[in-house]
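Trainee: Could you walk me through this one, please? I would like to ask about it piece by piece.

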Amino acid sequence: MAAAAVNTHAAAPSGLSASDPAELLAAVLRANAGTPNARLKQVMDALIRHAHAFALEVDLTSAELDLGMDFLVRMGQASGPHKNEGILLADILGLATLAQLRGAREALAQGGTEPALVGPFWRAHQPVRANGESIAASDTPGAPLHVRGRVCSLDGTPLAGARVETWQASPQGLYENQDPEQEDMNLRGVFLTDAEGGFHFHSVRPAGYPVPVDGPCGELLAAQGRGIMRPAHLHFIVVADGHKVLATQYFDIEDPHAHEDVVFGAVGSLLRRFEPDGRGGFGLDIELRVEPGETRLPHCPLP
């Protein structure tokens, strides 16, 4: 009796009858069709379609897919209380900046201030300071910087009593929580705007600094032959009743890396010249235009 034929082919997934990429994609989309959350379904449908299209475009191999999955695993292993490789990846791919600018597109069309990344160095309980006070401890080296700002709504109405949080790196390119030589909460402050929406403070001119490169994202930047620097900047978060929270940064246009920010945050009017004051210091004048809406604070990464 002849031996029964042996089927050496693995069963096709989800009832697929052929190795057809379009049929495979359709099967995966059908598997997602029952997702109860409508937004999750929309996002996953798009992710599935684009991921499959990407794999076809580059003719992705199994070995390359394994390498990518290992990269993601090592990102998680390299993350912790002081560094988040996932956030860093979104930053260096420009996705974080894209999401922020898209979310603010209606406000930007009406003259609103461009948003920028909160970043990993904002601290809770930054000290409240009086207008005109310095955020720099008396022993902080560096060229003096005087910042004058105004907070207003999109139509130009000044917003009195708005809360403005600011923080920056030192002239050595270090935030105080990174630098044991700096006083606690140095180069940080919270200001309340006056009746005209104004606030002002003294500081020192900051320096740029590199993003962390001791993890998988650093390996990726090296493999791409990319720079790792952020240009010198000051962070601001504006909280005003009846308005959406604005997180942004202002960049020193004379910084050598002003036009090659590794996280693509130095956009539009956020690039500014720190004007010499004739006495060895500099001045920065800014207007922060915020959009009416629900006031929701972003996550604060540091205590």
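Trainee: How many residues of strand β3 are buried?

Mentor: Strands here are DSSP runs of E with at least two residues, helices runs of H or I with at least four, numbered from the N terminus. Buried means under 20% relative accessible area, exposed over 50% and partly exposed in between, using a 1.4 Å probe on protein chains only. Strand β3 covers residues 188–192 and is mostly covered, and the buried count among its five residues is four.

Trainee: Before we go on, what kind of model is this?

Mentor: Residues are numbered from 1 along each chain as its sequence is written, and side-chain values use heavy atoms, leaving out hydrogens and water. Local features need pLDDT of at least 70 and side-chain atom pairs 80 or more, while totals for chains, interfaces and linings use all residues, as the model is predicted.

Trainee: Are the rings of Phe-121 and Tyr-175 stacked or edge-to-face?

Mentor: Rings of Phe, Tyr and Trp (its six-membered ring) pair if their centres lie within 6.5 Å; planes under 30 degrees apart count as stacked, over 60 as edge-to-face and the rest as tilted. These two centres are 4.3 Å apart with planes at 15 degrees, so the pair is stacked.

Trainee: Where does Tyr-175 lie?

Mentor: Tyr-175 is buried, with a relative accessible area of 1%. Its partner Phe-121 is in the loop between α6 (105–109) and β1, and the pair ties together parts 54 residues apart in sequence, because Tyr-175 lies in the loop between β2 and β3.

Trainee: Which residue lies over the face of Phe-282?

Mentor: A charge sits over a ring if NZ of Lys or CZ of Arg is within 6 Å of the ring centre and within 35 degrees of the ring normal. At 4.1 Å from the ring centre of Phe-282, the residue is Arg-205.
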